[in-house]
Amino acid sequence: MTKQNSDAHATSSMAVATDESLATTPELAVASRRIGRRRLIVRRFLRNRLALVGSCGILVLVLVAIIGPFFLPWAYDAVDSRAFLAPPSASHWLGTTQVGRDVLAMTVHGMSRSLIIGFLVAIMQTAISCAMGATAAYFGKWTERTIMWVIDLFQIIPSFLVIAVLMKGHSNPSNSWILMALLLAAWGWMMTARVVRSLTLSLKQREYILAARYMGLSPVKIIIRHILPNISSLLIVDLTLGVGYAILAETGLSFLGFGIMAPDTSLGTIISEGSRLASSYPWIFATPAIILVFLVMCVNAIGDGLRDALDPNSQSGGRA
Amino acid sequence: MSPILSVKDLHVTFPSEAGPVQAVRGLSFNLDRGETMALVGESGSGKSVTSLAIMGLHPDTARIEGSVQLDGEELLGKTDDQMSKIRGKRISMVFQDPLSALTPVYTIGDQIVEALVIHQSMSKPEAWDRAIELLNLVGIPDPATRAKAFPFEFSGGMRQRVMIAMAIANQPDIIIADEPTTALDVTIQAQVLEVLKKAQAETGAAMILITHDLGVVAGNGDKVTVMYAGRPVEQGSVDDIFYRPRMPYTIGLLGTVPRLDHSSDEALPVLEGTPPSVVNLPPGCPFAPRCPLADEACLEAEPSLELLDEPGVEPAALPHRAACVKVDQIEKNHWTHRDIFPAGVIQASQYADIPREDRQQVLELHQVRKYFPLMKGAIYRRQTGTIKAVDDIDLDVRRGETVGLVGESGSGKSTTLLEILELAKPQSGTISVLGQDTSALSRHERRDLRQHIQVVFQDPMAAVDPRLPVFDIIAEPLEAFGWNKPDIEKRVFELLDLVGLEPSHADRYPQHFSGGQRQRIGIARALALSPEILILDEPVSALDVSIQAGVINLLADLQGKLGLSYLFVAHDLAVIRHVADRVAVMYLGDIVEIGQVDQVYDAPTHPYTQALISAIPIPDPHVERSRQRIVLEGDLPSPANPPSGCKFRSRCPKFATLDSVSQTKCAEQAPVLTSCGTDHLMACHFGEAVSVL
């Protein structure tokens, strides 16, 4: 028996469970502190190398976005009238644009804008789709019909037109990005909500949901504790994809002139500006594009790591 | 006569991330025509892998060594094309799940014709006639019409008959039946086993019967091979295995099964622990960690299957072999499971001495009804019928007792449980829990009442949230009722201790546990709020035989310690006999017989109860051979359209023997529950006590 125990293999060590545990006293049990669920997940997450690299990458990008502007020689909206389309040099490390703005300063600022918009939109739309999808499926009846009707309604309204009209009508360029994030989130949640609903419908039949109901748990608690964690893989993938989607949507709209308004800058506006001159003046285009790719890759790596950490069936439990 | 199938030293190994999985290690046996060998073992013991290896259906990545000879012809090493000519013609298979084994888009006639045409030069019309002949042989009523039906139009038992018809279509030499009746109700199981025997007699085929049910083995096997962790641990004739088991695992397996034919309040002997994983097995006997007799000698090397020297016993076709270093000791001392496996201690209930009538009624159902409307149409939905799932039943549970609820699937057992657990007003009738009428409860009172009535579900995997660690699962009801953190922590560890789990288990996720341990987690959660009533919905039916006993003992012990009352639903009548004080038999939403458990089992009065008890195989070959079985005709009628009068009359063996006046009575008047002994009621116009054990 002891030999098996020392193996500490998950299943084989439990083979001796019943007999010995009866001898263990509860006092002893409380003494050996248990690890909380959160710490367990963190521990599992940290075992994933790529996810660790991704989180470090994001952390660096965020830090740069926050404190970078204080250390840079140029402000993102400052114009150097002596250097138009200048290549990288000692005074402009990444060169300048057509109007003489410093590419490095713009990239750092644009990155922070894109990060904020990306995460804000992704979080908002995932939250909305969870709330709507799970509520519809769990309660059923008229609640479900109403929510499904709202989903249909949002899906048939052409989002591009609405966003374009509202953005054009907005006069204050300094906070245009907030409106932009809200609008992108408002038209980005419907598909996920449908998927959440269908997954919840099947989860609802599970015995542990029934057990929770018969334990006296409230519906909100059941949704938060039992339903959402069990579809968290989907939610996390959706969240990561959402970040990419939001950044790309913002880029597209900005490119067409409906997005972030000058002098405010996002990665999207710089890339669209640089792409026109990419062959002859590659420095305007290259750095923001590389940053964008790196950003999305980091976010995806984190998504993968989180999914494995949250999923008890994955290999993140480490080796025995 | 040379054996038709000869397997020698078969090894099957699968690759896996963790290392090679040695699924089968050194299996040998010979099989003659007309013989049945039972392959017994728990899940993961290598039974099914063996059958796949013989059929050549194993994945390409598996490594197979040894020899499998069919009538002298080596099968291992044949290509898939060559095997295709043998599969279905000379070796055929009956699978466990008859629903997924038939193609849903072809009629069953077409599927049998296909099986015939592939292997025999036969024209389509000839094959069709033969298909109808085969369907008739396996007992499908009106085979000419039914051959044109699709699989979904058949019930599970009927589908399994079709599978058997397909298996014997080409007069095979060997039929492999892989858990052929596990997915079926007991009454249907009895039918299917009869058909299987008939099919075997018809074709003279040898049969490999893979099963975990020792009762089925006793009634159907000639030889038995017991497998453990991929290795045969004991082989011999049925009588050898059942009356002279020598390997402690076999002894334990036979001892831990609750018996239908004995009343017993004692704890079952328990095989502690779970089977080892077959990856990186440590040296020594794989059963040693669970074996009370194990010592150093057992851990040195894995014992091989040795021929036993048994003077006075006539040598059987398959000589008796066992793989255990203690064989001589066991034989000399005539040890049985009682000597080897310690039975747990069960605390006697404080209510044991109080007569039933004087105890408080904790749960009372009075004329409770649950009908489901049958709707049709997509746009304009209209009701086309009513399913009477629970039809005005009366039931009561007193403090400290266990009431068993048995019946086939579809009889309304689970619906009854869900009606109780909703704690809502039933469609008609009343439900009282601890004296409180559920129809008069406010939302707040209903929530408070939930503390006193809790549930344990059947499927240990589905009943606990896989995303939560064990601590959170057990703490959940406590949090819901507003306990504070330190109290919760203390209580959870108390509960873990109570159900026999270790404190270190609190941080693990459910899938790190075996079925039996998961069921213990479910029980701990149900007990968290110290309920007075526990509703148990098939709590042990998904567990392996050796694990089942531990959970049954735990439930009995908890009942004694905590004074719980159980409402225990099960389809396994032997389990009910062991755990229950009273038993209620349900048929199509009605209770047809109810009473003290020994009275009902020893002298069942309702023909349905008699058939139900008679259908259960008993793990004792002599008893099985001499038993007269009452085999019910057909399937459970649709609850949407039950027969008039007595609902059971369409399948009743008694009804067939009655004169026409009496038959009219059955057809016109629904019988009501009437007393037929002290604490024994039944609902049959012509019921009389018969012993069917």
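Modeller: Lys141(A) sits in helix α8 of chain A, residues 141–156. Helices here are DSSP runs of H or I with at least four residues, strands are runs of E with at least two, and both are numbered from the N terminus. The model is predicted, so local features need pLDDT of at least 70, side-chain atom pairs count only at pLDDT 80 or more, and totals for chains, interfaces and linings use all residues. Residues are numbered from 1 along each chain as its sequence is written, while chains are lettered from A and ligands numbered from 1 in the order in which they are written.

Back to Lys141(A). Its phi is near 50°, a positive value in a residue other than glycine. Lys141(A) is exposed, because 8 other C-beta atoms lie within 10 Å. The scale is this: 20 or more other C-beta atoms within 10 Å means buried, 12 or fewer means exposed, and in between is partly exposed, with C-beta atoms placed from the backbone.

Glu179(B) also has a positive phi, near 45°, and is not a glycine. Glu179(B) lies in the loop between β7 and α7 of chain B. With 18 C-beta neighbours inside 10 Å, Glu179(B) counts as partly exposed.

Eight strands of chain B form an open sheet with mixed pairing, in the order β6-β7-β8-β3-β9-β10-β12-β11. Strands pair if DSSP finds at least two bridges between them. β6 (91–94) and β11 (306–307) of chain B stand at the edges with a single partner strand each, so one side of each has no neighbour in the sheet. β6(B) runs parallel to β7(B), residues 174–178, and four bridges join them. One residue pair to look up: Met93(B) has Ile176(B) in β7(B) as its bridge partner.

Two helices lie across these strands. Helix α1 of chain B (47–55) lies across β3 (36–40), β6, β7, β8 (206–211) and β9 (223–228) of chain B, at about 150° to β7(B). Axes are lines fitted to C-alpha atoms, for helices over the stretch in contact, and angles run from 0 to 180 degrees between N-to-C directions. Contact means C-beta atoms, placed from the backbone, within 7 Å.

Now the domains. Chain B is assigned domain 1 (5–221), domain 2 (239–340), domain 3 (365–586) and domain 4 (603–682); the bounds come from an automatic or database domain assignment. The C-alpha centres of domains 1 and 4 of chain B lie 32 Å apart. Their contact takes 14 residues from domain 1 of chain B and 14 residues from domain 4 of chain B. On the domain 1 side, α7 (186–203) and α8 (214–220) of chain B are the elements giving two or more residues. α7(B) gives the most, six residues.

Last, the core. A nonpolar core is a set of buried Ala, Val, Leu, Ile, Met, Phe, Trp, Tyr and Cys residues joined through C-beta atoms within 7 Å. The largest one has 272 residues, and Phe568(B) is among the members that touch the most others. Helix α7 of chain A (103–139) supplies the largest share of this core, 16 residues. Leaving out residues up to four places away in sequence, Phe568(B) touches residues including Thr402(B), Leu536(B) and Ile576(B).
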